[in-house]
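Subject: Structure handover

Hello,

Here is the structure I promised to pass on to you. Please have a look, and then read on for my notes.

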Amino acid sequence: MIGNLIREVRFLTKDSGALFWLALAFFLSVIAVSFGVAEVRDQRKTIGTLIEEDAADRANALEGQEDWGGAAYYAFHLTHAPPSDFAFAAMGQRDSSPWKHRVRMLALEGQIHEADTRNADFGLIGRFDFAFLAASVAPLLLILLLYDLRAAERSARRHDLLVATAGSPAQLWLPRALVRVVALSALLLIPLWGASIIVGTSPDIVFKATVILVGALLIWWLIVELVSRINASPSVLLTSLIGLWLALAIVVPALSTAAIEARQPLPNGGEILLLQRETVNDAWDLPKEATMTPFLKEHPEWSDHATLETAFEWKWYYAFQQVGDQKTAPLVEQYRSARLARDREAGLASFLSPTSFVERSFEKLAGTDAASMIAYENAVRDFHKQLRAFHYPYLFPDEPYDSEKLKDLPRFEP
Amino acid sequence: MSMIIRIAKEEWRLWLRSKVIVVAALIVVALLAVTSVLTINRVADEQSQRLAQQVEAEKTFFAQPDRHPHRMVHFGHYAFRPPPPLAAFEPGVDAVTGQSIFLEGHRQNTAMFADTKAAADLGGFAALTPASLYQLLLPLLLIVLGHALFLRERESGTLAVILAQGQSGVTLAMGKAAALLAVILIFMIPLILVATYSVSLGESGLGAFSIVGGYFMYLCVWGAIVLAASIILKQRAVSLGVLIFVWLFAALIVPRFAINASSAAIDAPGKIESDLVMLAEQRKLGDGHNAADPAFQRLQAEVLEQYDVETIEELPINWRGVVASYSEAELTKLLNSYAENRMSLEASQSRMFDLFGLASPTIAIGSLSRTFAGTDLATHHRFLRESEKLRFDFVQSLNEVHANELSYADDMNRNADAEASRRASVNSEAWQVLDEFRFAPDAAGERIGRATLSLAVLVAWLLASISIVFLAARKVRL
């Protein structure tokens, strides 16, 4: 076996076509990984600047405030989801979902759907990241490396002779293909490993990524192997393989997406906003009980401090902000659970397409999948709850304003 | 001429006999048909839905009861962007940007609820549109059909016979080109149907015709590349391999690489980032809610002098309304300068991306088709600008109502009791100041003008690839 492998390595070094595909794989991997690392660095830098500027802006806004209500109204708080140490390999949803917000104590539903995303063309076309390379391009390169192992020998009329002299076909084709699959995997993975060492990705994640990539290539190898047993010309084989690639990489995911989205309709997001805005705006004209009753149902602890004396009081203002959120909560929950359901079904559907499976798995490892983005949104919701929990004990009992106490304002910890 | 047609006919006879080719073509036809029908229905739904939402939003605004005009400034309004007729073929950035935007005083919001944010995530190509099939799949079909177009004659030895009969390589190449051209023309039919349908929805003939023309050119570029490879290369498998590589490079690698490169080369700060910079400046302008802010002292002196009175209480107009209007105008100037800066950075990123069209015709046709269809980034930017104008107009009209129809004394006293706050409201007829907003695609001529760069790149590709075919065909020897 070793002898066979050494022989095949020697053959490979003389096959200029194969060497070209392998070199291309390495080159593309270096490009994908280095752009990824640069992008992650850029996003970290942006977050660093934002944290500083946000603190300065808040300090400035709080200066000269005279009551708790005003302080809460003018102080914005940055929330953000930093890229993980594997995000360089799969930017995933970070290009289409927001990963930073500035929120304040007003109704959260009016703020959390703000989308601070980049140039729309980026989200439309997508990045050339390692996940895309591994999921979509690597299988094509593998096909180009393997499709004519047999057929080329057939065209050269050596096939039958080779098979006859090799003893068993396994000794001939297996080492030949194995050398190519190993070379392709290694050349794709080396830049990934290098970058992981530089950015300090945990070995556990790198190991998983390696297993996923190698596993996917093995599946594609199996597909190529089965197809190329057909006794046909190299060009017919390549055509059929490209057709299979198209089916698995493009058609199946597109059909699954369409089916999933039809099965799991999303409530119209605009309705959430509309309902929230109307609740908040109508509250001004409604009797104050219409706000305070539903509010106190959620927060009975403030019942003793909820009597309102003047036409405008901050506690009433923040109460109807919260009621706006309370009223939209069922719709918001529906929206979120539909997104989660879509993601769950997409996870199942990805078993039908190695391409989708690889891309999703990488996004999961990198924390850039839909579930992670939803988890970030949940973290923002929790933080907003903390903001309310901080302010209500000052607002409702009419505690005298003390700017010193604002030093303990909750901070967002990603 | 008759020779060319005979060669083309012979090619078609062979194609129709090949199971692989017939199956491949049928699959592409089926995909095109299904995708077109699905996209047309989806876009038609969205079109009517958003129009209805726009009308509904206006109705809601008009139906608001008597109240303080500034409350209406915060009540706000919505602008919706319905997809243009050609979105049925090329939905473009619509899915990424979000199509509705909330408009209110003192703020410029972003468009919200983009489809992609809530889409089922199955990787890079998950959404198929008729346009992406034309951009990605049809070139592959042309490759499968044509990679051995010329080579076949060489392999079977008929090339020698044909050349010996006195036919030139160019004639033979033209016959093959005619065969491929017929394929391209047949595959233009679905696009022509969709384009005709879009005309029935109000698209101009010029717009529909130019998108058809653009794709025809694009497919001809691929046809010429395929033909050139089959003339120059000597082995079927090599020709197919090289062409697949060209496709992989042009359709998958370069566009995404171009995105990486233009995002790395031109840094367009996000909204939060530029907002924070702006906020520092904004604080200098003062807070429009607080008429006693020192930043308004100068304004106050001017207005008092204009009306020749001593105190703001004596003014015939409501001082708070004046302040609201003044600070909204100043703030908007600032907001717009930051928004314009952000948009121009994004536009230069997109221009840089378009230049990568020189390395990939797929980029050129993609930009061309989004621009012709009116679903490009520039149209989204125009939507942002127009909705901003809508926002500013209704906010300022309300501020005018605030200044002219509500007395300062009532206004200052508005929180005293229920009766006082009733007095500090204006009749709801004033809400009619809101303009009707119907976002429409711009004129076809303008869209075509915007696509000049991509169009020039595509024409360059066409000329270059056809020249290569001619040069290669003239040199054909045995």
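Axes are lines fitted to C-alpha atoms, for helices over the stretch in contact, and angles run from 0 to 180 degrees between N-to-C directions. Helices (H or I, at least four residues) and strands (E, at least two) are DSSP runs, numbered from the N terminus.

A word on conventions: residues are numbered from 1 along each chain as its sequence is written, while chains are lettered from A and ligands numbered from 1 in the order in which they are written. This is a predicted model, in which local features need pLDDT of at least 70 and side-chain atom pairs count only at pLDDT 80 or more, whereas totals for chains, interfaces and linings use all residues.

Helix 10 of chain A contributes Val236(A), Thr239(A), Gly243(A), Val251(A) and Ala258(A) to the contact, and helix 2 of chain B contributes Val20(B), Ala24(B), Leu31(B) and Leu38(B). Contact here requires C-beta atoms, placed from the backbone, to lie within 7 Å. By class, this contact has seven nonpolar, two polar and no charged residues. Ala, Val, Leu, Ile, Met, Phe, Trp, Tyr, Cys and Pro count as nonpolar, Asp, Glu, Lys and Arg as charged, and the others, Gly among them, as polar.

For the two chains as a whole, the contact takes 71 residues from chain B and 79 residues from chain A. On the chain B side, helix 10 (residues 236-265) gives the largest share, 15 residues. That side of chain B has 40 nonpolar, 20 polar and 11 charged residues.

Within chain B, helix 5 (residues 130-146) packs against helix 10 at an angle of about 170°, with the axes 10 Å apart. The two helices of chain B are therefore roughly antiparallel. Leu136(B), Pro139(B), Leu140(B) and Ile143(B) of helix 5 meet Leu243(B), Ile244(B), Trp247(B) and Ala251(B) of helix 10. This contact has eight nonpolar, no polar and no charged residues.

Chain B also has an open sheet of three strands in the order 1-2-3, with antiparallel pairing (two strands pair if DSSP finds at least two bridges between them). Strand 1 (77-80) and strand 3 (107-108) of chain B are the edge strands. Four bridges join strand 1 of chain B to strand 2 (residues 100-104) of chain B, and His77(B) stands opposite Leu103(B) in strand 2 of chain B.

In chain A, the domain assignment (automatic or from a database) gives domain 1 (2-22 + 135-262) and domain 2 (33-129 + 264-408). The C-alpha centres of these domains of chain A lie 45 Å apart, and their contact takes 23 residues from domain 1 and 21 residues from domain 2. The domain 1 side has 17 nonpolar, four polar and two charged residues.

Finally, helix 11 (residues 269-283) and helix 13 (residues 314-349) of chain A pack at about 160°, with their axes 8 Å apart. That makes helix 11 of chain A roughly antiparallel to helix 13 of chain A. Their crossing is right-handed, and the contact has nine nonpolar, six polar and three charged residues.

Best wishes

Notes:
Angles under 35 degrees count as roughly parallel, over 145 as roughly antiparallel, 65 to 115 as roughly perpendicular and the rest as oblique. A crossing is left-handed if the near helix is turned anticlockwise from the far one by less than a right angle, and right-handed if clockwise.
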